[in-house]
Amino acid sequence: MPEPIIKVDGITKSFGSFKVLDGLSMTVMPGEKLALIGPSGSGKTTILRILMTLERIDGGHIQIEGEHLYHMERNGQLMAADEKHLARMRQKIGMVFQLFNLFPHKCVIDNVTLAPMLTKGTPKAAAEKRAMELLDMVGMADKAKNMPAQLSGGQKQRVAIARALALSPRIMLFDEVTSALDPELVEEVLNVMRKLAAETDMTMLLVTHEMGFAHDFADRVLFFDRGRIVEEGKPDEIFRHPKQERTQTFLKKIIAAGHRV
Ligand SMILES: Nc1ncnc2c1ncn2[C@@H]1O[C@H](COP(=O)(O)OP(=O)(O)OP(=O)(O)O)[C@@H](O)[C@H]1O
Ligand SMILES: [Mg+2]
């Protein structure tokens, strides 16, 4: 058996007195495509932000490729990770958010080259060569010199995906990357993600309300409710034959809201 690439073990996270994650555990295998679904406020974004080290945890452990994320070992003892450790671990993971967060004052190609040049010291020429390959992959090579304000929402999201890929992460996190888009722009972004899933062995975690896409894309679906995983299984099991009442209720609501499952 290969080792899990992500191991989340009993993590808790509160904002003030509100417990968002309540002893959450999950294991992700290398190359797995996971869909995270569940009601608003169930903690889906929070777990992705925690994996991306944008939030701290209150308790529990996370390991990425067998290495602790929020802890480091010193003389056989576990202690809280320092910023250097976090920065190194963070490079293993790329994230694309719901709202386009390109640097507005930098053109498309500079958005993609910035992180490799700054964090990895990649020379400009090499960073630009790689950036053009990635922009080509997401169908944005001809817009390399455009400013973000000159792009559609779908185009911005495709650049954001190329930018996240520029650091060659082992794991990609996608948080509702199409939900702020006009309906006619959704498909072009989903196509890029289909291509990534088909052509790379990257591990991908996807939070989405696009149940049809989740069904086609995912190897495994996790249903979140109130900071816990209530049910998980293959897409057909979760979408066609959900066992838990809470999963059934959620899916009924989603279908009633007009989403394809
Ligand atoms: N920085 C924060 N400060 C305080 N509360 C927060 C913060 N971030 C999230 N929360 C709360 O934590 C809960 C979980 O939020 P989270 O964003 O993880 O939910 P979600 O499952 O992604 O929901 P949605 O489907 O609406 O995006 C919510 O009740 C939210 O209000
Ligand atoms: Mg969210």
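## Ligand 1 and its polar contacts

An N or O atom in the side chain of Thr-45 lies 2.8 Å from an oxygen atom of ligand 1. This distance, like every other value in this report, is computed from a predicted model. Two further residues make contacts of this kind. A polar atom in the side chain of Lys-44 is found 2.8 Å from an oxygen atom of ligand 1, and for a polar side-chain atom of Thr-46 the corresponding distance to a ligand oxygen is 2.5 Å. Ligand 1, taken alone, exposes 640 Å², of which the protein buries 60%.

The shell around ligand 1 consists of 13 residues, and the closest of these are Ser-40, Gly-41, Lys-44, Thr-45 and Thr-46. Sorted by class, the shell contains seven polar, four nonpolar and two charged residues. Two elements, strand β2 (18-28) and helix α1, each give two or more residues to the shell. The largest contribution comes from α1, which gives three residues.

## Helix α1

Helix α1 covers residues 44-51. The helix is largely enclosed by the rest of the structure, because six of its eight residues are buried. The buried residues are Lys-44, Thr-46, Ile-47, Leu-48, Ile-50 and Leu-51.

Just after the helix, the backbone at Thr-53 adopts a positive phi of about 60 degrees.

## Salt bridges

The model contains 19 salt bridges. One of them pairs Lys-13 with Glu-55, with 3.9 Å between the closest N and O atoms.

Arg-194 and Glu-187 meet through their side chains in a salt bridge with an N to O distance of 2.9 Å. Arg-194 has a relative accessible area of 31% and is therefore partly exposed; Glu-187, at 41%, is also partly exposed. A further salt bridge joins Arg-240 to Asp-236, with the closest N and O atoms 3.8 Å apart. Arg-240 and Asp-236 both belong to helix α8 (residues 235-240), where they are four residues apart, about one turn of the helix. In an α-helix there are 3.6 residues a turn, so residues three or four places apart point the same way. Arg-240 is partly exposed, with a relative accessible area of 47%, and Asp-236 is partly exposed at 42%. Elsewhere, salt bridges with shared partners join Glu-65, Glu-67, Arg-88, Lys-92 and Arg-170 into one network.

Glu-32 is located in the loop between β2 and β3 (33-37). Is this residue buried or exposed? Its relative accessible area is 13%, and Glu-32 therefore counts as buried, since the cut-off for a buried residue is under 20%.

A polar atom of the Glu-32 side chain lies 2.9 Å from the backbone nitrogen of Met-29. When neighbours within four places in sequence are left aside, the residues in contact with Glu-32 are Thr-27, Met-202, Thr-203, Met-204, Asp-219 and Arg-220.

Lys-156 is part of helix α5 (residues 153-165). Residues up to four places away in sequence not being counted, Lys-156 touches Phe-100, Leu-102, Pro-148 and Leu-151. Lys-156 and Phe-100 are 56 residues apart in sequence, while their C-alpha atoms are 6.3 Å apart in space.

Phe-213 is part of helix α7 (residues 211-217). With a relative accessibility of 4%, Phe-213 counts as buried. Between Phe-213 and Asp-58, which are 155 residues apart along the chain, the C-alpha separation is 33 Å.

Key:
Residues are numbered from 1 along each chain as its sequence is written. Chains are lettered from A and ligands numbered from 1 in the order in which they are written. This is a predicted model: local features need pLDDT of at least 70, side-chain atom pairs count only at pLDDT 80 or more; totals for chains, interfaces and linings use all residues. Side-chain values use heavy atoms; hydrogens and water are left out. A salt bridge is a side-chain nitrogen of Lys or Arg within 4 Å of a carboxyl oxygen of Asp or Glu. Buried means under 20% relative accessible area, exposed over 50%, partly exposed in between (1.4 Å probe, protein chains only). A residue is near a molecule or strand if one of its heavy atoms lies within 4 Å of it. A polar contact is a pair of N or O atoms within 3.5 Å; within protein, one must be able to donate a hydrogen and the other to accept it, and residues adjacent in sequence count only if both atoms are side-chain atoms. Accessible areas come from the Shrake-Rupley method with a 1.4 Å probe; for residues, only the protein chains shown count as cover. Ala, Val, Leu, Ile, Met, Phe, Trp, Tyr, Cys and Pro count as nonpolar, Asp, Glu, Lys and Arg as charged, and the others, Gly among them, as polar. Contact means heavy atoms within 4.5 Å.
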